[in-house]
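Please look over the sequence and the model before reading on.

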Amino acid sequence: LLVSKDLGKHLLEVEDLLQKHSLLEADISAQTERVQALNAAALKFSELEGYQPCDPQIICNRVNHVQTCLEELGELAGKRRKELEDSRQLWTFFQEMEEAEGWIREKEKILAAKTCGRDLSSVLTLTNKHKSMLGELGNRRALLHQTVKKGEQILAKKRSGPGGIQEKMREVRLRWKKLEEVTGLHQQRLQEALNFFQFSAETDDLVAWLQDTYRIVSSDDFGHDDYSTQTLLRKHRAVVEEVEKHRTAVLALRKQLALLAPEHRQGVDVQIRVVEVEQLYGEVVEVAVLRQQWLQDALAVYRMFSEVHACEVWVDEKEQWLEKMEVPEELDEVEVVQHRFESLDQEMNSVMGRILDVNQVVQQLVDGGHPSSEEVRSCQDHLNSRWNRVVELVERKKGQLSSVLKIQNYLLEC
């Protein structure tokens, strides 16, 4: 049993032989105690004095022979155990290598069947799964390194036995290298797909924002008075600031497109999409400028109407006073009225400046092609005509006062 050359043909068989050898070693250990006891008893016969049933030398020779056989048996058992353990190490190496190959084949099939997703959500899911596989790959790499180290240790012992250790290590290393290359390539493809779908998602968000903004800046609500138009103008300026902030994102689309993988950036659809975004942004900017101008024109109109109303209130008041005023004949009363006309001249100079401002605003609106040009022009004409009437009334009343003063002065001289 101890000189058998059967070291097993696979790991399970070696394990079975080791179990049987352990039982044999236990039997040898038990027999060793028995042999030692028998040898001790036999040696007593070689020490007897007087009658000796057997030659003491024969007894000693026999004891030594049995002890030598026992020691040789122990040496054979130790040698057999070492050979079996070396065989177990060898077949453990081959089994671990086979497990590594099986794992590599499994991952190769998975990678061969994997796609890169159809949208951002699926790509993110696949990316997370790939990260998990990378962690698994790292753990398996460490195990493979340990197994290869075992194979190198077996080769260093230069033991005879089943060959192919060097070939097996070279084969597994090549397959492992190829697996890492395929894994890296798939990771790159996933990253390229992720970049593309993120670019598409950001572009879609930008388009949605631009479409919403276009609806806002193309509104035909310009307010109904000074306050509401000012409110709309403040809101519009805030929108214009946001539009300007998005200019960077629109300009960056071309650079982002250039960074995509050729298979993604060369697609006709994505290039058309970028052009559409740029055109839509240009339209938003253009309409926003027009709306701001229209709001400013509307504000100018409402302020002009307000100024016209204020001027007409003053005109109404002075017109009624002038029409009702009768030129007095007494000198003291004439002087009082004359002082009132002096104050009126100052007021008229101030109102005249306001009317000139109104005329200037009206001219700007008309020249700019404002849609309410006719209404504004009519309002201007009405105000100017009323102003001219007041001017005429003032001149007439002043003429009457001047005549009265001349008569009074003549009478005083007389």
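Is Arg215 buried or exposed? Arg215 is exposed, because its relative accessible area is 52% and the cut-off for exposed is over 50%. Keep in mind that this is a predicted model. The protein has 10 helices and zero strands. The protein is also more spread out than a compact globule, with a radius of gyration of 57 Å.

**Overall form**

- From the N terminus on, the elements run α-α-α-α-α-α-α-α-α-α.
- The globule rule gives 22 Å for 414 residues, and the radius of gyration, 57 Å, is well over that, so the protein is more spread out than a compact globule.
- Along the principal axes, the C-alpha atoms fill a box of roughly 205 × 55 × 25 Å.
- Of the 414 residues in the protein, 33% are buried.

**Domains**

- The domain assignment lists domain 1 (1–88), domain 2 (193–295) and domain 3 (299–413).
- Between the C-alpha centres of domain 2 and domain 3 there are 52 Å.

**Salt bridges**

- Side chains of opposite charge can pair when their charged atoms come close.
- The count for this model is 25 salt bridges.
- Arg273 and Asp204 form one of them through their side chains, at 2.8 Å from N to O.
- This pair links distant parts of the chain: Arg273 sits in helix α8 (residues 268–324) and Asp204 in helix α4 (residues 165–217), 69 residues apart.
- Arg273 is partly exposed, because its relative accessibility is 28%, between the cut-offs of 20% and 50%.
- Asp204 also counts as partly exposed, at 39% relative accessibility.
- Asp212 and Arg215 meet in a salt bridge too, with N to O at 2.1 Å.
- Both Asp212 and Arg215 lie in helix α4, three residues apart, which is about one turn of the helix.
- Within that pair, Asp212 is partly exposed at 38% relative accessibility, whereas Arg215 is exposed at 52%.
- Lys245 pairs with Glu242 in a salt bridge, and their closest N and O atoms are 3.6 Å apart.
- Lys245 and Glu242 are three residues apart in helix α5 (residues 226–245), so about one helical turn separates them.
- Lys245 is exposed, with a relative accessible area of 57%, while Glu242 is partly exposed at 33%.
- Asp316, Glu319, Glu323, Arg386 and Arg389 belong to one network, joined by salt bridges that share partners.

**Cysteines**

- How many disulfides does the count give? The count comes to zero disulfides.
- Cys311 is in no disulfide, and the nearest cysteine sulfur, that of Cys379, is 9.8 Å away.
- The reason is distance, because a disulfide needs cysteine sulfur atoms within 2.5 Å.
- Cys311 is buried, with a relative accessible area of 1%.
- Cys116 is buried as well, because its relative accessible area is 13% and the cut-off for buried is under 20%.

**Nonpolar surface patch**

- Val3, Leu73 and Leu76 form a nonpolar patch on the surface.
- Together these three residues have about 240 Å² of accessible area.
- Leu76 is found in helix α2 (residues 56–113).
- Leu76 counts as partly exposed, at 33% relative accessibility; residues in such patches need over 30% relative accessible area.

Technical notes. Residues numbered from 1 in each chain as written. Predicted model: local features only at pLDDT ≥ 70, side-chain atom pairs only at ≥ 80, totals over all residues. Heavy atoms only, no water. Domains from an automatic or database assignment. Patch = residues over 30% accessible without salt bridge, like charges linked within 9 Å, V, L, I, M, F, W, Y side chains within 5 Å. Areas by Shrake-Rupley, 256 points an atom, 1.4 Å probe, with all protein chains shown as cover. Salt bridge = Lys/Arg side-chain N within 4 Å of Asp/Glu carboxyl O. Helix = DSSP H or I, 4+ residues; strand = E, 2+ residues; numbered from the N terminus. Buried < 20%, exposed > 50% of the residue type's maximum accessible area, 1.4 Å probe, protein only. Rg over C-alpha atoms; globule rule 2.2 N^0.38 Å.
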